[in-house]
Every structure is written in structure tokens, then in C-alpha cells.
Amino acid sequence: TAENGQNAWLRYAPLRSVNSYNLSLASNIIALNTSKSSPVYTASLELQKGIQSIFSQAVKESDEIHQAASSLIVGTVDDYSHVYGNGNDVPDLEEDGFWLNTEGETVKILGQNERGALYGAFEYLSMLAQGDFSHISSVNNPNQPIRWVNQWDNMDGSIERGYGGSSIFFNNGGIVDDLTRVSEYARLLASIRVNGIIVNNVNANVSLLSPQNIQGLGRIADVFRPYGIQVGISLNFASPTAIGGLTTFDPLDSGVISFWTNITDQLYQRIPDFAGYLVKADSEGQPGPLTYNRTLADGANLFAKALNPYNGVVMFRAFVYNQLNESDWKADRANAAVQFFKPLDGKFANNVVVQIKYGPIDFQVREPTSPLFSNLYNTNTAIELEVTQEYLGQQCHLVYLAPLWKTVLDFDLRVGQKASKVSDIISGERFNRPLGGSAAVVNVGTNATWLGSHMAMSNLYAYGRLAWDPSKDSQNILQDWIRLTFGLASEVLNTITKMSMESWPAYEQYSGNLGIQTLTDITGNHYGPNPQSQDNNGWGQWTRADKKTIGMDRTVWNGTGYSGTYPPEIASMYEDISTTPDNLLLWFHHVNYTHILHSGDTVIQYFYNAHYSGAETAQAFVKLWESLKGKIDAERYEQVLYRQTYQAGHSIVWRDAISNFYWNLSGIPDEAKRVGNH
Ligand code: GCW
């Protein structure tokens with residue numbers, strides 16, 4: 001039924017052979033806060049619902065706080081100490097952290113704050129649903145304070161780069177009346193420990209700030225609050241002129257300052273725990289401070305000041321670049337973020353976080369880690385990821401993204417010749433920053449599967465898990481998701497693991513290998529092969545492919561200088577073709593098609609081989625999936641089969657389009673005689 005899609009990994013499917021585990025479940029729940037908007041209360045409802053569903057056993061809510069034996073206690077550490085007087089046996093926790101103790105007869109789920117308690121409840125249920133009844137005492141703290149999602153929803157109900165139906169938040173310029181889906185989304189997000197959401201598109205519509213829509217946002221925030229999730233919005237920088245009756249949106253103008261102070265006050269009046277703003281300024285046609293010769297920091301600080309009295313945060317996007325001319329060999333969009341932001345390091349207010357896409361261009365199938373992470377030491381930073389598969393098959397292709405994200409999160413930038421993993425930079429640890437974290441563009445919609453495909457939900461699940469703990473292994477995360485989503489059978493686990501773990505490498509092979517980027521149509525919908533669209537335009541996602549050569553020369557000695565924007569150890573690795581990894585060769589170097597890779601193949605032969613093997617892998621997914629017939633409910637089985645069959649065919653379209661394009665361009669035959677006429 002549609003509920004399988006809707007509940008995603010929170011299905012709490014019945015465990016059949018539960019008696020054999022000789023499990024003694026708690027018979028009642030003691031919730032230390034029972035007010036309806038409290039995440040602790042949500043936790044107690046979720047525990048009742050989950051245990052009922054997994055074990056067909058009722059657990060009743062109890063206020064007999066002193067009959068704690070055979071109970072489940074859920075609440076904050078403070079409330080626990082207050083009620084039971086023995087908070088001393090609870091380990092120290094950080095903000096949002098929790099302690100889960102299942103060692104004794106009483107199960108204790110205690111959060112540092114209320115949302116932490118809810119996270120603990122979800123963790124306990126996740127264990128039970130996976131058949132894990134071990135007795136543990138486990139302390140869980142987040143790696144980073146900001147764990148947000150972004151939705152690119154428009155006020156008319158459409159979603160930019162959304163592939164799962166229309167908006168669950170907006171229609172016809174206002175907020176939808178029925179927010180049931182929103183609370184279901186909140187539940188999923190809380191279970192993966194997401195603590196904030198930006199509900200509207202970064203290309204923001206000014207009408208969201210009307211008094212009526214602010215009331216509507218208040219209703220949305222009321223729905224998220226019991227799940228411990230704070231709501232924020234994207235802003236249009238030109239709002240003061242568009243709706244404020246002013247003649248300027250100069251960030252230093254006193255009228256503009258009071259306009260934003262006033263808007264901010266109105267928001268906090270309705271939403272006291274409002275999260276803050278996300279701002280895309282001076283990018284892709286969006287207005288910004290540069291219009292008035294003010295800096296991007298002036299722009300960010302304008303909002304920071306208005307939010308500061310309320311502890312709100314400004315997420316200011318680093319995705320700022322200009323159109324460029326390809327005839328200039330040194331022009332490089334990949335340099336833009338460092339050029340714009342490095343000179344501003346230290347100029348941003350303390351409640352500003354610069355939100356940086358994982359790579360310097362735009363969510364490509366492979367990019368080097370954005371060098372901006374290694375150029376800001378006195379600025380809070382966050383990484384921006386995309387769960388929505390914009391360039392990566394738009395949910396019609398299975399692409400499990402955690403391994404891609406890990407290439408960036410685990411990347412050691414060697415700032416000052418010291419260990420400087422991206423995950424330690426965004427957490428605030430490396431440069432001792434008070435704030436930082438992660439944001440993912442998710443773009444769920446009204447589709448019963450949320451994202452448009454059941455399999456794509458592994459990416460949302462993995463995002464939350466990695467934002468909490470980036471050191472987690474992609475495959476372990478995936479397997480939790482599989483068990484929770486599709487059940488515990490080992491064939492199911494093994495098959496979906498294999499498909500998912502092979503999916504990103506396969507997509508890279510047939511869509512754009514060796515660091516050439518996703519060779520999709522870049523001017524339009526970013527879907528399907530279109531290698532010729534990369535060049536001869538101002539977008540700067542160039543391949544510089546001609547009859548003999550291909551790739552962007554980003555070296556310092558002969559190219560755009562991009563490699564020099566990394567710290568010395570990394571810069572010298574990329575500067576030198578012999579130490580550049582094959583998978584980024586064409587990102588950093590302009591070479592002949594006959595250039596020999598470390599792997600021993602020529603560039604062109606690698607292209608041919610990779611496109612064939614990637615497409616072959618995608619075709620094998622169909623057979624693999626078919627082996628699960630009868631082991632997964634028919635509805636989801638058929639829906640996934642449909643998508644995999646499509647992907648198998650479309651991977652051949654990709655393979656042939658790209659292979660033929662470079663064969664036509666270079667005239668170099670495929671050694672295996674698959675490409676072209678023979
Ligand atoms: O990649 C581009 C997308 C735009 C998006 C922009 C951004 C919201 O194609 O649709 O705009 O990135 O991240 O701002």
C-alpha cells in the first residue's frame with residue numbers, strides 16, 4: 001500500500017519470530033513531559049506506535065513515575081534528575097545528544113534536550129525494528145550543530161529541481177490548508193536527527209513575507225515543533241523595494257535595515273523558535289549587495305543583525321559566480337567561490353554560516369572538494385549536498401550518494417600541514433568555530449514515495465546519518481536503511497546492498513568519467529546525455545573537447561590557477577599530472593585522447609570501456625531486482641522494477657550518445673570495436 005512509501009524507513013514491520021528472542025518489553029512508558037508540542041511527548045507516542053506495530057504489544061502511557069520497573073522512561077536529563085534525583089548516573093551529553101540505556105529492567109532514553117530524547121526513542125525503535133535486542137548503554141552526540149534540509153519549493157506549488165510531485169507546503173501563492181503530509185515529513189526528518197528546515201526555494205518569492213503567509217509559516221512551524229525541527233525561510237534580497245515600498249535594497253541603508261528588522265520581529269512574534277534565513281544573493285540573477293558596491297559580508301550581516309537578538313542563524317550561500325568567456329584560457333567558474341569569499345574571511349558576523357556546495361561547480365557526479373573549505377578560518381561554514389538527484393538521474397536512476405559525499409567529507413585538505421578533514425571543518429572543530437554543519441537540498445513532494453522513487457530514500461536517510469556522524473560507513477548506513485525499509489531477509493539485504501553500492505560508480509562511468517563532469521544537458525533540465533552542451537556558452541562547465549584533446553587545464557603553471565587555491569600539499573598533488581588521480585584527470589588537466597592513464601588505458605579507450613561497463617552494471621540491476629520477486633511486497637517490487645528497467649535502457653542511451661560523440665570528434669576507434677561503424 002501507499003503507506004510503505006509514506007513511512008519509508010519508519011514502517012515498523014512486524015517481527016515474526018519475536019518470541020524466540022525471549023524478549024521482555026517494557027509494559028509502560030513514562031514520558032517526562034506530556035505537553036502536546038513537546039518532542040518528549042512525540043517520543044512517547046512514537047514508542048507506543050512502534051512497539052505496537054513491531055510486536056503487536058500495547059505499551060501504555062503511565063504517570064506512575066515511581067513504578068519505573070519494567071518501564072521505558074523518556075525525557076531530558078534535567079527532568080530525569082529532577083524527578084528521580086539520580087541524574088548523576090547519566091553520562092555528559094552535548095546539545096541534541098542522548099543516552100540510551102537498555103541494560104536493566106528499565107529502559108532509559110534521556111536527551112540533553114527534548115529533541116535529543118526524541119532521537120533516542122527513534123534509535124531504540126530502529127534497533128528493535130532491525131531485531132537488535134542487545135543490552136547497551138550508549139552515548140550519542142552530534143558531530144555538528146546545524147543539520148538542516150532545504151526545500152526548493154515555490155509559492156505556486158512547483159518545486160525547482162524536484163522530482164517527487166508538487167509542494168507539500170505551498171500552492172496558489174499561499175500555505176496549504178492540510179499539513180498532514182508536512183507532519184509525516186517532520187517525523188522522517190526527526191528520525192534521522194535533522195533539526196532545521198528551510199521550506200522555500202533559494203530563488204525566493206517575495207510574497208512569502210506577506211502578513212498572511214507569515215501566519216501560514218507559523219502553522220508550518222507548529223507542525224515541525226513537536227519533532228524538534230526549527231523552520232526557516234529563504235529570502236529575496238530585493239524585498240525592500242519589491243514589497244517594502246522602498247527605493248533601495250542597499251544593505252547599509254537605514255530604511256532597509258529597519259525593513260528587515262521589522263520582518264524579523266514579525267516572524268519571531270509568530271514563531272518564537274524560528275531558525276533563521278537562507279540567502280542566495282548575487283547569483284544566477286538573484287539580487288544582492290553587489291548592486292550597491294557592498295560586499296557579500298555586508299549582505300549577510302544585514303540579516304545576522306536582525307536575527308541576533310533571537311539567536312537566529314543566516315545561512316549564506318557561497319554559490320556565487322559570473323558568466324564567463326570560454327575563449328579566455330584562464331577563465332574558470334571553479335575559482336569563483338574562493339575569489340568572492342576568501343577576502344571576506346573574518347568579516348561575517350558570528351551567526352552567519354557560509355553554505356558551500358561540496359564541489360566548486362555544481363553537484364556533478366564527481367568533483368574535487370571545494371577549496372573554499374580550506375580558505376575560511378574565521379568564518380563558520382556548512383556543506384551543501386543534494387539529495388534530489390538533479391544531475392544524477394533525477395530519481396529515475398538508482399544512485400546511492402553516500403559514497404560520493406564521503407569522498408568530500410573524509411577529504412583531508414591539509415590546512416597548515418595539519419589534518420583538516422572537511423567534516424572537522426564544518427563541525428567547527430578544526431578552526432574552533434561556534435557554528436557549522438550540513439544542509440541538503442531534498443525537494444520531497446506529494447508523491448507517495450516522497451522523492452519519486454522508493455530507492456532514492458536511501459539518500460535522505462544517509463544524509464541525516466552522516467550529518468550526525470560523518471565517520472559512519474556508507475554501506476553500514478545503507479544496510480540499516482534496507483532492513484528498516486524492506487525487511488531483514490538476507491537475500492534482500494545482499495541484493496539491494498550490491499545494487500546500491502555499485503550504483504554511483506556505474507552512473508559515473510556512463511555519464512561522465514575521469515572528472516569531466518556529468519555530460520548532461522547543462523542549459524536546460526540537466527537530464528540525459530548532451531556532451532556538446534557543456535562548451536560554447538558562458539556557464540563555465542566546460543570540457544574544452546576538440547579533435548585531439550580534452551579537459552580543463554586548472555594548473556597554476558599553464559591553466560586557470562585553480563589547483564593553487566588548495567593548501568600546498570593538495571595543490572601540488574593536483575598540479576602534477578602524475579599525482580592527479582585518474583578520476584579527476586580531466587578536471588585538472590587538458591590532455592590528448594591518447595594520454596595514458598595510471599590504469600594503463602588511453603583516455604579515449606577508458607571512455608569507451610567505462611561507458612560500456614557502467615551501462616552493463618545498470619542492466620544487471622534488473623536481474624538482481626527480479627531475484628527479489630516475492631520477497632518484497634508486490635507494489636514496491638513492481639515500482640522499483642519499472643524504474644530499474646527504465647534505467648537499464650537509459651544507460652544504453654547514455655553509453656551510445658557519449659561514446660559516439662567522442663568517436664566522431666576524435667576519430668579514434670574503440671579497440672573492442674563496439675563504437676561506430678565497423
Ligand atoms: O544547479 C543550479 C540549479 C538551479 C539552482 C542553483 C542553486 C535553485 O540548476 O536550479 O537554483 O543551482 O543552487 O542556486
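**Burial and overall form**

I looked up burial across the protein: of its 678 residues, 55% count as buried. I call a residue buried if 20 or more other C-beta atoms lie within 10 Å of its own, exposed if 12 or fewer do, and partly exposed in between, with C-beta atoms placed from the backbone. The model is a predicted one, in which local features need pLDDT of at least 70 and side-chain atom pairs count only at pLDDT 80 or more, while totals for chains, interfaces and linings use all residues. Residues are numbered from 1 along each chain as its sequence is written.

I then checked the radius of gyration, taken over C-alpha atoms, against the globule rule of 2.2 Å times the number of residues to the power 0.38. For 678 residues a compact globule would have a value near 26 Å, and the protein has 26 Å, which agrees. The C-alpha trace spans about 80 × 65 × 50 Å along its principal axes.

Contacts require C-beta atoms, placed from the backbone, within 7 Å. Among contacts between residues at least 6 apart in sequence, 70% join residues at least 24 apart.

**Secondary structure and record domains**

I found 19 helices and 18 strands; helices (H or I, at least four residues) and strands (E, at least two) are DSSP runs, numbered from the N terminus.

The record places "domain: Glycosyl hydrolase family 67 catalytic" at residues 132–450. That span is 24% helix and 15% strand, and its end C-alpha atoms lie 28 Å apart. The record lists "domain: Glycosyl hydrolase family 67 C-terminal" at residues 452–674. Here the chain is 52% helix and 2% strand, with end C-alpha atoms 34 Å apart. UniProt positions are in the numbering used here, feature names are shortened, and annotations may be inferred rather than shown by experiment.

**Helix α9**

Because 10 of the 12 residues are buried, α9 is largely enclosed by the rest of the structure. Among the buried residues are Leu296, Phe303 and Leu307. Their cover includes α8 (254–270), β12 (276–279), β13 (313–317), α10 (336–341) and β14 (352–357).

**Helix α2**

I repeated the check on α2 (residues 39–55): its 17 residues should span 24 Å, and the end C-alpha atoms are 23 Å apart, which agrees. Its buried residues include Pro39, Tyr41, Glu46 and Ile54. What covers the buried residues of α2 includes β1 (28–31), β2 (60–61), β3 (71–76) and α4 (114–129). Ser56 follows α2 and has a positive phi, near 50 degrees.

Arg161 sits in the loop between β7 (146–150) and β8 (170–171). Its phi is positive, near 55 degrees, in a residue other than glycine. Arg161 counts as partly exposed because it has 17 C-beta neighbours inside 10 Å.

I also noted Arg193, in the loop between α5 (180–191) and β10 (196–198). Its phi is positive as well, about 70 degrees. Arg193 is buried, with 24 other C-beta atoms within 10 Å.

How values were computed:
Two residues are in contact if their C-beta atoms, placed from the backbone, lie within 7 Å. The expected span of a helix is 1.5 Å times one less than its number of residues.
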